[in-house]
Amino acid sequence: MQESNQKWLQVGTPMCGVVFGLVGVLIALSLIFLGFWKTLLIVVMFGIGYVLGAFNNKKKYLEATISAVTHKDD
């Protein structure tokens with residue numbers, strides 16, 4: 001059962017194409033019916049929720065991300 005679930009997101013498989021096609025349709029419908037800013041707000045909130053839910057060591061991840069974004073080459 002687990003092998004079947006992993007194929008859904010394996011790039012290059014037809015199942016992955018279907019998943020990304022459906023994501024594209026959802027984004028297009030959101031842009032049409034909600035507008036750009038509301039769709040962008042949903043995407044940003046999803047991203048924040050994903051970060052809060054997906055990573056065990058959130059503090060370390062956020063520190064590394066902020067450091068990477070604000071790092072200046074001297």
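## A tour from serine 30

Select serine 30 first: this residue is found in helix α2 (residues 14–33). Helices here are DSSP runs of H or I with at least four residues, numbered from the N terminus. The model is predicted: local features need pLDDT of at least 70, side-chain atom pairs count only at pLDDT 80 or more, and totals for chains, interfaces and linings use all residues. Residues are numbered from 1 along each chain as its sequence is written, and side-chain values use heavy atoms, with hydrogens and water left out.

Serine 30 has a relative accessible area of 21%, so it is partly exposed (buried is under 20%, exposed over 50%, partly exposed in between; 1.4 Å probe, protein chains only).

Now show its contacts (heavy atoms within 4.5 Å). Neighbours within four places in sequence aside, serine 30 touches Gly35 and Thr39. Step on to isoleucine 42, twelve residues from serine 30 along the chain: their C-alpha atoms are 9.4 Å apart.

Next, go to α3 and α4. Select Val51, Leu52 and Gly53 in α3; they meet Lys58, Tyr61 and Leu62 in α4. This contact's residues divide into four nonpolar, one polar and one charged. Nonpolar covers Ala, Val, Leu, Ile, Met, Phe, Trp, Tyr, Cys and Pro; charged covers Asp, Glu, Lys and Arg; the others, Gly among them, are polar.

Finally, draw the axes, lines fitted to C-alpha atoms over the stretch in contact, with angles from 0 to 180 degrees between N-to-C directions. Those of α3 and helix α4 (residues 58–70) come within 9 Å and cross at roughly 130°. The two helices are therefore oblique to each other: under 35 degrees counts as roughly parallel, over 145 as roughly antiparallel, 65 to 115 as roughly perpendicular, and the rest as oblique.
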